[in-house]
Amino acid sequence: MRILVTGGAGFIGANFVHTTHETMPDADIVVLDKLTYAGNPKSIEGLDRVQLVAGDIADADAVDPLVADADLVINFAAESHNDNSLADPSPFVRTNVEGTFTLLEAVRRHGTRFHHISTDEVYGDLALDEPRRFQPGDPYKPSSPYSSTKAASDMLVRAWVRSYGIEATISNCSNNYGPYQHIEKFIPRTITNLIDGVRPRLYGTGENVRDWIHVRDHNTAVWAIIDKGRIGETYLIGADGEKNNLDVTKAILEAFGRDPEDFDLVADRPGHDRRYAIDNTKLVEETGWQPEFTDFAAGLADTIAWYRDNEDWWRPAKEAVEAKYAQTGQ
Ligand code: NAD
Ligand code: DAU
């Protein structure tokens, strides 16, 4: 089997390449990645049967021959950070919307099976106190330039299934954590700040809730959908991991042996979504998928150990990331 993984040098894509390489010894994996600031070839180096092609998913000439040669395309490539989308939305439109369009046209030409990786943020947010969680059929109500471009990409996939009959599925997952995550994101930023002796920064009051899932569980769910999901369907991926940012910060501080109150409240994110929460019933009932990393404290401890052991991977980016946050008082 020949698998094209777009965005495979990024956080979730790189983890997907590693687990697929381990579990599918007969698979050849081609990674198409633009190697933006978020893509790191080191994340997937040294793996036989894995070929990295530097290129843009919005470049039809780069995409077409790779899709023509593939049995399956999985699209992880995206501009993925909300804060960056507020500062400059243009690469989000180009990659998330035009890039997905370009991939869809290629899979339409070549009749290739396609799986699109998306986010729970397309559904907007929930109130902190409402019992409801996101359902696959909920209306799309994205809040940020990032989530609106992901919503647009999902709409394109749905339309290409209905109008052109392409064989595609979509998954919308909640917040991931684990190794190889860029240090602009909340958990690795907090961990690497603490390694540097810097107090964590919490946006607003810290009461916003995210539904945390280990990246390896996200990726086993993606394979479950590819293997057992129904064409044209959307599946929500989540592992019952709701926590507010304050509690996550305190848990990381405690893992470092620090006072759990040793953080700073900083300027809030404009339009900051209050709460995400996933109802994964459809995924579980149709595919039998179950998460493996259900102990958040243990997953966090492993993730902290990974950042301690792999400083050469993240250190080169740290100064520039913090300089950018300093500009917004965060
Ligand atoms: P990431 O930012 O870590 O990685 C994105 C990768 O895409 C990078 O390697 C980057 O170089 C590459 N890329 C960017 N533009 C490209 C282009 N035009 N052509 C080819 N490659 C390009 O992102 P991530 O956190 O790994 O997210 C992967 C996917 O999962 C995204 O679609 C994101 O929306 C979705 N998602 C992420 C999370 C999360 O918690 N991180 C949760 C749910 C869904
Ligand atoms: O829900 C899935 C989404 O999760 C994905 O689609 C996105 O690609 C991914 O980046 C993530 O989005 P968030 O905006 O939720 O993640 P982020 O790590 O940026 O922030 C998590 C929460 O922590 C959010 O409420 C903002 C807050 N935060 C973030 C940073 C960087 C802080 O309080 N302090 C920080 O320093």
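Me: At roughly what angle do the axes of helix α6 and helix α8 cross?

Reply: The axes of helix α6 (residues 186-195) and helix α8 (residues 245-255), which are lines fitted to C-alpha atoms over the stretch in contact, cross at roughly 35° and come within 10 Å, on a scale of angles that runs from 0 to 180 degrees between N-to-C directions. The model is predicted, so local features need pLDDT of at least 70 and side-chain atom pairs 80 or more, while totals for chains, interfaces and linings use all residues. Residues are numbered from 1 along each chain as written, chains are lettered from A and ligands numbered from 1 in written order, and side-chain values use heavy atoms, without hydrogens and water.

Me: What makes α6 and α8 helices, and which hand does their crossing have?

Reply: Both are DSSP runs of H or I with at least four residues, and their crossing is right-handed, which means that the near helix is turned clockwise from the far one by less than a right angle.

Me: Which residues make the contact?

Reply: With contact meaning heavy atoms within 4.5 Å, α6 brings Phe-186, Ile-187, Thr-190, Ile-191 and Leu-194, and α8 brings Asn-245, Val-248, Thr-249, Ile-252 and Leu-253.

Me: Why is the pair of Tyr-123 and Phe-134 called tilted?

Reply: The count comes to 15 aromatic pairs, where ring centres of Phe, Tyr or Trp (its six-membered ring) must lie within 6.5 Å, and planes under 30 degrees apart are stacked, over 60 edge-to-face and the rest tilted. The centres of Tyr-123 and Phe-134 are 5.4 Å apart and the planes stand at 35°, so this pair is tilted.

Me: What does this pair tie together?

Reply: Tyr-123 and Phe-134 lie in the loop between β5 (113-119) and α5 (145-164), so the pair ties together parts that are 11 residues apart in sequence.

Methods: Helix = DSSP H or I, 4+ residues; strand = E, 2+ residues; numbered from the N terminus.
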